[in-house]
Amino acid sequence: MESYLKIFENNKKWVQQKLAEDELFFEKLAKDQTPDYLYIGCSDSRVPANEIMGLEPGEVFVHRNVANLVISTDNNINAVVQYAVEFLHVKHIIVCGHYGCGGVKAALHPADMGQLNSWLQTLRDVYRIHQAELDGIADDHLKFDRLVELNVIEQCINVVKIDHVQRKWYETGYPKIHAWVYDLHNGLLKELDVNIKDYFSKFRSIYDMM
Ligand code: CO
């Protein structure tokens with residue numbers, strides 16, 4: 001049997017399990033979605049959004065790409081953020097990186113990566129912005145971990161640069177932006193000690209569109 005066929009078996013079991021818990025589970029879900037959260041994370045197969053947050057279908061709107069980047073010319077992320085903010089009225093936008101991220105690691109070592117070059121450019125820019133701090137870290141592991149964290153913070157700033165987010169901020173005080181890192185070694189989520197609103201105030205005179 002081809003290995004992918006087991007997915008349909010898994011799916012049937014999952015449906016049975018959900019119906020056993022609540023026979024109206026799918027009927028209720030099919031009506032509407034009203035998630036409170038937009039999660040922007042890495043595509044890494046070891047970091048499944050709903051599972052690590054303990055959230056059910058319908059509770060989180062998810063966007064994933066290599067190294068959880070928010071790039072201003074990426075039509076995909078822009079559409080996701082606009083939809084989440086304007087139509088779903090999410091209260092929280094979470095940018096979640098993870099230690100051991102292959103995309104971030106690649107950015108630490110300059111090399112020709114073909115199609116990935118332009119994508120990794122954004123990570124190299126994060127390195128450049130924080131070069132003084134990063135080059136001051138002698139231990140390679142700690143430096144890698146710190147770049148993961150700084151990338152999450154910079155992508156949160158990129159979220160705030162989006163006009164739809166700013167407009168909603170001024171109208172309602174939401175969404176709140178959260179910088180998180182997931183640890184592959186113990187499964188724990190960590191909230192980074194940075195207030196994105198305060199942090200953004202440093203750059204407000206440059207990026208504020210409202
Ligand atoms: Co990753």
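Reader: Is cysteine 42 buried or exposed, and what is its relative accessible area?
Author: Happy to start there, keeping in mind that this is a predicted model. Buried means under 20% relative accessible area. Cysteine 42 falls in that class and is buried, with a relative accessible area of 5%.

Reader: Which protein donors does the cobalt ion have?
Author: The donor atoms lie 2.1 to 2.3 Å from the cobalt ion. In sequence, the donor residues follow the spacing C-x55-H-x2-C. The protein donors are Cys42 (SG), His98 (NE2) and Cys101 (SG).

Reader: How many residues apart in sequence are the parts tied together by cysteine 42 and cysteine 101?
Author: Cysteine 101 is buried, with a relative accessible area of 1%. Cysteine 42 sits in strand β1 (residues 37-42), while cysteine 101 belongs to the loop between β3 (92-98) and α5 (102-108). The pair therefore ties together parts whose separation in sequence is 59 residues.

Reader: Now to the helices: are α4 and α9 roughly parallel or roughly antiparallel to each other?
Author: The axes of helix α4 (residues 75-87) and helix α9 (residues 163-172) come within 9 Å and cross at roughly 20°. Angles under 35 degrees count as roughly parallel. The crossing is left-handed, and α4 and α9 are therefore roughly parallel.

Reader: Which residues of α9 are met by those of α4, and how many of the contact residues are charged?
Author: From α4, the contact involves Val81, Gln82, Val85 and Glu86. On the α9 side, they meet His164, Val165, Arg167 and Lys168. The residues of this contact divide into 3 nonpolar, 2 polar and, to give the count you asked for, 3 charged.

Terms used
Residues numbered from 1 in each chain as written. Predicted model: local features only at pLDDT ≥ 70, side-chain atom pairs only at ≥ 80, totals over all residues. Heavy atoms only, no water. Donors = N, O, S within 2.8 Å, 3.2 Å for Na, K, Ca; no water. Helix = DSSP H or I, 4+ residues; strand = E, 2+ residues; numbered from the N terminus. Buried < 20%, exposed > 50% of the residue type's maximum accessible area, 1.4 Å probe, protein only. Axes fitted to C-alpha atoms, helices over the stretch in contact; angles between N-to-C directions. Parallel < 35°, antiparallel > 145°, perpendicular 65-115°, else oblique. Left-handed = near helix turned anticlockwise from the far one by under 90°. Contact = heavy atoms within 4.5 Å. Nonpolar A, V, L, I, M, F, W, Y, C, P; charged D, E, K, R; others polar.
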